[in-house]
Amino acid sequence: MRKDFGAKPWIYPEPVLIVATYDENGKPNAMNAAWGGIADDTQVSVCLSPEHKTVKNILASKAFTLSIGDAKNLVACDYVGIASGNNTPNKMEKTGWHFCKAANVNAPLIEELPFTLECKLISYDEKTCRCWGEIINLSVDEKILTADGKIDMQKFEPLIYDPCNHFYYKFGEIAGKAFSDGLKLK
């Protein structure tokens, strides 16, 4: 038996996306974006309401970084989704995060978040709140890499957002091998 929910903006798993920008004075800001993901080989799409300071910063600088929150940073990741940079001047200081300039775009890297896409703004539609970014670089902290240089999801522990129940989960155990386990049915 199945239950219909109607048209809901839910998809599982939904990564916890942290969008970071610089303001006109070079001060970092970040927010937790509930909806977004890969839109093409070199593009991301994130739903961002126009009243966010982050959106104002993106439109001014034409750049942003998009990190995936991890279990170690759950409290700070949630906080940047609760507090507004428009009226909380010390928002970033409260997170305890450290920032450095991204190598390829005019936006900050959050040093504590080990997985970050550096993006240039392609377009922003205020009516749909859709922000499109071109992926310029993927920056990954070596501490979450395997010995052969690949991302180790168990070291990374990315956060997953449950939009139905409003919980965060962290990545679990390996369930199978992609492009391999299905060969049993060939």
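Predicted model: local features only at pLDDT ≥ 70, side-chain atom pairs only at ≥ 80, totals over all residues.
Residues are numbered from 1 along each chain as its sequence is written, and side-chain values use heavy atoms, with hydrogens and water left out.

Let's start with the sheet. Seven strands form an open, antiparallel sheet in the order S3-S2-S6-S9-S10-S5-S4; strands (E, at least two residues) and helices (H or I, at least four) are DSSP runs numbered from the N terminus, and two strands pair if DSSP finds at least two bridges between them. At the edges sit S3 (28–33) and S4 (36–40), each of which pairs on one side only. From one strand to the next, the twist averages 35°, with axes fitted as lines to C-alpha atoms (for helices, over the stretch in contact) and angles running from 0 to 180 degrees between N-to-C directions. For a closer look at one pairing, take S5 (residues 43–47) and S10 (residues 130–140): they run antiparallel and are joined by five bridges. Val46 has Cys131 as its bridge partner in S10.

Lys53, Thr54, Val55, Asn57 and Ile58 of H1 are buried (under 20% relative accessible area; exposed is over 50% and partly exposed in between, with a 1.4 Å probe and protein chains only). The cover over the buried residues of H1 includes S2, S3, S6, S9 and S10. Just after H1, Lys62 takes a positive phi of about 65°. H2 (residues 74–82) lies across S2 and S3, at about 95° to S3.

Finally, the cysteines. How many disulfides are there? The count is zero, a disulfide being a pair of cysteine sulfur atoms within 2.5 Å. The sulfur of Cys47 has its closest cysteine sulfur in Cys129, but the separation is 5.0 Å, so it is too far for a bond. For Cys164 the closest cysteine sulfur is in Cys47, and at 19 Å that is also too far for a bond. Cys164 is partly exposed, with a relative accessible area of 32%.

Methods: Contact = heavy atoms within 4.5 Å.
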